Amino acid sequence: MPMILILTAHGDHSTDQTIDWLNYYNVQYQRINIDDLLANHTVAYSIDHNHSEFTIDQHQTSDFKVVWFRKSGVFRSSDLMLQSKNILSDQLSSFLSFEYTAFIQALTISFTKAKWLCNIEAVNSLDKTKQLILASKAGLDIPESLITNDRKQAIAFLQKLKGKSIIKPLAESEIFGTPENKYSISPKLLSKDFFRYFKRKKFLPSLIQEYLEKDIELRIFYLDSECYAMAIFSQLDEQTKVDYRNYNFKKPNRFVPYNLPKTILKSIQCFMEYAGLNTGSIDMIKTKSGRFVFLEVNPKGQYDMVSNPCNYFLEEKIALSLINKLN
Amino acid sequence: MGNKYIRLFACCLIVKGNRRATLVDLQRGDFIFLPLQIAELLLQSNSVTVAQLTSAYSEEDAGEISKYFDHLIKNEYAFYTDEPESFPLLCLDWKTPNHITNAIIDYDRNSFFNIRDVVNQLEQLGCATIQFRFYDAFDFSFLMQTLTHVADGIGKIRSIELSLCYNPLISKLQYLKLINLFPRVISVVIHSAPDGYDYKFPGSIHELRYIQQKITNETHCGFISPEYFRANKYFFTESLQFNSCLNRKIAVDKTGDIKNCPAMKHSFGSVFSTSLLEISHQPDFQKVWSMNKDKIEVCKDCEFRYMCTDCRAFIPDEYSKPAKCKYDPYTMSWA
């Protein structure tokens, strides 16, 4: 009976590589790709007066000792959702989506004995603003930020910052549109007078932050109190100056291992504890003036992009972390 | 910049040869040459500032050195910093969870071992990459059957390279469709073709190539040339410790003999009588895995040694450099 459950998505290469190490250490595990949970697995949650039991295939969820939440599947692109698309102006798919979320919630809390690597509940309760507040509480420097729906407020904030500012999505960066007309919603530099010439007085609440003059960007993979840091020399390239994710594939940014100062390490540990996370990918900036500024943590962030350039063997370390949690 | 430190990016590594060094860029997959003196200076550069590094030199030499450093900075091989201790060296470990990482299966019209059975065994061994080399033309259905079998497996085999003999009955379009159908097939090379052809799939590593070279048996392999150099972290770190061609490789030649490489004489057994698992665990079979370039005569003095794929099939004796290598590191020239 496998004691480790891996919740991930179809085709996730990082999961494959970690599983190779679980095989190497000869431990049993069950992999479930959340995107084909409903199509390829049998789930049943029976509840009566004195008993409740959630089963996936032949396993009771309460029997899993360790659960690794690697990746959530994209329900939006499941068969069920695609069939319901455009029916009754998407009211059906919206209903289905809520139902699905409720089901995943029930699944999540059925792992009564489990130790988590990346606790789903902690992930779900952590938005960008809460992250900034917790980081600051943990002693980390954060960018000065304002979320507002009001032009006057925005103008005043930009004036206060004096220097440059950026606007970025409160939730996730996204690319959408049609193949011919793509819109990329990602951090963008704001001109000094951006809001002065803005026609609307009110708009959707937007996140504005001070622009940080980068020396380097840091991407830190956190696992069980250890930090594996990588420096990204994105300021050497105009294309990647504001956001290294505007990848330059011809001449990729330099990615090298980095030693964080001890005080920063301590604050990161403290922050992750506040956030209830034992793993995550943390984005920071080291400014030209020597500030280490916390931007955000992505609990399910890609570790491959740190592990590979820095040769950290994070896939093996994650496998060992899961195995340790069994004992 | 005199009181700063010059630091190579951790992915740029110096390999000293007999007369010159290479600076191997593992991230961008390239290399440049460096004079040995510059390489020496860079190797000490963690602990001393640029001013200290050049202090022992005449003004003229120091000027030359600074020019060299500026060139390295401009081309993003190095950077100046006040805190060299924040930028550790790259860990050069190489390890793998898989007992066997790659395999070659040779086949021609006289072969009669069961390919699918060999594939099953490789999958059990954790082998991620298989190269199939067919020396005679086979029909399309044989190819389909073999690949379907791999696709229906447990998913351990992640990439497949096909080297196939030209068959006038199979069109380019069929091969392209095949690659689309089986994304694990990353490369198809059609040899003995009437014309050359080269197609790379946009945005992916997949390729279809036709070459005119006639390949009738395993002796076509083992050539050493800069066009085969590979500057990447996986290959480089593996080469530091292990044989860059044969480490964790297993091969089945066209008669079904199990070998380190199909072109090597020694057979450890036959697929008809023994398993790949059993052979792959024999110390004798694994002996060649640890034959790294530092143990090979001439290669150990070569500035290309961790970028170049070794060959142990065509050599006069055990510790000789590959017979098909025409480079001489003592004169820095290709014969």
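A: We may begin with a residue and its surroundings. The model shown is predicted. Beyond its neighbours up to four places away in sequence, Ser239(B) touches Ser244(B), Asn292(B), Lys293(B) and Tyr306(B).

Q: Where in chain B does Ser239(B) lie?

A: Ser239(B) belongs to helix 7 of chain B, which covers residues 233-241.

Q: Is Ser239(B) buried or exposed?

A: One reads this from the relative accessible area, and a value under 20% counts as buried. Ser239(B) has a value of 0%, so it is buried.

Q: How are distance in sequence and distance in space to be compared for Ser239(B) and Ser290(B)?

A: Two separations are read side by side. Along the sequence, Ser239(B) and Ser290(B) are 51 residues apart, while their C-alpha atoms lie 9.3 Å apart in space.

Q: Where is Glu53(A) found, and how far is its C-alpha atom from that of Leu236(A)?

A: Glu53(A) is part of strand 4 of chain A, residues 51-56. The C-alpha atoms of Glu53(A) and Leu236(A) are separated by 56 Å, and the two residues are 183 residues apart along the chain. Setting aside residues up to four places away in sequence, Glu53(A) touches Ala44(A), Tyr45(A), Ser46(A) and Gln60(A). With 25% relative accessibility, Glu53(A) counts as partly exposed.

Q: What is to be read from the backbone angle phi of Glu76(B) and of Met332(B)?

A: Phi of Glu76(B) is near 60 degrees, which is a positive value in a residue other than glycine. Glu76(B) lies in the loop that joins helix 3 (59-74) to strand 5 (78-81) of chain B. Phi of Met332(B) is near 55 degrees, again a positive value in a residue other than glycine. Met332(B) is in the loop between strand 14 (327-328) and strand 15 (333-334) of chain B.

Q: Are Glu76(B) and Met332(B) buried or partly exposed?

A: Glu76(B) has a relative accessible area of 9% and is buried. Met332(B), at 30%, counts as partly exposed.

Q: Which residues touch the most other members of the largest nonpolar core?

A: A core is read through the residues that join its members. The largest one has 88 residues, and Ile268(A), Phe271(A), Met284(A) and Phe69(B) touch the most other members. Helix 8 of chain A (residues 262-275) gives this core its largest share, five residues. A second, separate core has 55 residues, including Tyr107(B), Val118(B), Val188(B) and Leu276(B).

Q: Which residues is Met284(A) in contact with, leaving aside its neighbours within four places in sequence?

A: Among them are Leu140(A), Glu217(A), Leu218(A), Ile220(A), Ile264(A), Ile268(A) and Phe292(A).

Q: How many residues of chain A and chain B are in contact, and what area is buried between the chains?

A: The size of an interface is often given as the accessible area lost when the parts come together. Here 26 residues of chain A are in contact with 29 residues of chain B. About 2,300 Å² is buried between the two chains, and carbon and sulfur atoms give 53% of this area. Of the area that chain A buries against chain B, 30% is supplied by Asp20(A), Arg254(A) and Asn311(A), more than by any other three residues.

Q: What can be said of chain B as a whole, in helices, strands and buried residues?

A: Chain B contains nine helices and 15 strands. It has 335 residues, of which 52% count as buried. Its C-alpha atoms fill a box of roughly 70 × 45 × 40 Å along the principal axes.

Key
Residues numbered from 1 in each chain as written. Chains lettered and ligands numbered in written order. Predicted model: local features only at pLDDT ≥ 70, side-chain atom pairs only at ≥ 80, totals over all residues. Heavy atoms only, no water. Helix = DSSP H or I, 4+ residues; strand = E, 2+ residues; numbered from the N terminus. Buried < 20%, exposed > 50% of the residue type's maximum accessible area, 1.4 Å probe, protein only. Core = buried A, V, L, I, M, F, W, Y, C linked by side-chain atoms within 4.5 Å. Contact = heavy atoms within 4.5 Å. Buried area = accessible area lost by both parts, 1.4 Å probe.
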